[in-house]
Amino acid sequence: TLKLDETALELSFVTHRVTISGKTLGEIYTAVAETEARVISVVAPDFDEVGRTLGHKALVHGIRIEPLDVSEKQRR
């Protein structure tokens, strides 16, 4: 699920939930949905301006991986 402002992306798996935070994450959402994403990584805090000048649109500031609890696993 991608937030409307494209600052958070949640990926749900059978046993885990992955939450990605950053800017302009629509590009990553599309790559994951089309199974084209190979690597998603967090950028250094000072990469924001450099990344934009290099033409990078999506910038990942954090990735959180959480195991699902038993009740969430049963719903899947």
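Q: Which residues make up the largest nonpolar core?
A: This is a predicted model, and in it the largest nonpolar core consists of eight residues, namely Leu9, Leu11, Val18, Ile20, Leu25, Ile28, Ala58 and Val60. Strand S1 (8-12) and strand S2 are the elements that give two or more residues to this core.

Q: Ok, and what does Leu11 touch, leaving out residues up to four places away in sequence?
A: With those set aside, Leu11 touches His16, Arg17, Val18, Ile20 and Val32.

Q: Stepping back, what pattern does the protein follow along the sequence?
A: Read in that direction the pattern is β-β-α-α-β-α, with three helices and three strands in the protein. Of the 76 residues, 25% are buried, and among contacts with a separation of 6 or more, 52% are accounted for by residues 24 or more positions apart.

Q: Now the charged groups: how many salt bridges does the structure hold?
A: There are three salt bridges. The side chains of Glu10 and Arg17 meet in one of them, at 3.8 Å from N to O, while Arg17 also forms a salt bridge with Glu66, where the closest N and O atoms are 3.7 Å apart. Glu66 in turn forms a salt bridge with Arg64, with the closest N and O atoms 3.4 Å apart, and through shared partners the salt bridges join Glu10, Arg17, Arg64 and Glu66 into one network.

Q: Is Arg17 buried or exposed?
A: Arg17 counts as buried because its relative accessibility is 15%, which is under the 20% cut-off. Glu10 at 31% counts as partly exposed, as does Glu66 with a relative accessible area of 26%, and Arg64 is partly exposed at 47%.

Q: And Thr19, where is that found?
A: Thr19 is found in strand S2, residues 16-23, and is buried, with a relative accessible area of 17%. Not counting residues up to four places away in sequence, Thr19 touches Leu9, Glu10, Gly62, Ile63, Arg64 and Glu66.

How values were computed:
Residues are numbered from 1 along each chain as its sequence is written. This is a predicted model: local features need pLDDT of at least 70, side-chain atom pairs count only at pLDDT 80 or more; totals for chains, interfaces and linings use all residues. Side-chain values use heavy atoms; hydrogens and water are left out. Helices (H or I, at least four residues) and strands (E, at least two) are DSSP runs, numbered from the N terminus. Buried means under 20% relative accessible area, exposed over 50%, partly exposed in between (1.4 Å probe, protein chains only). Contact means heavy atoms within 4.5 Å. A nonpolar core is a set of buried Ala, Val, Leu, Ile, Met, Phe, Trp, Tyr and Cys residues joined through side-chain atoms within 4.5 Å. A salt bridge is a side-chain nitrogen of Lys or Arg within 4 Å of a carboxyl oxygen of Asp or Glu.
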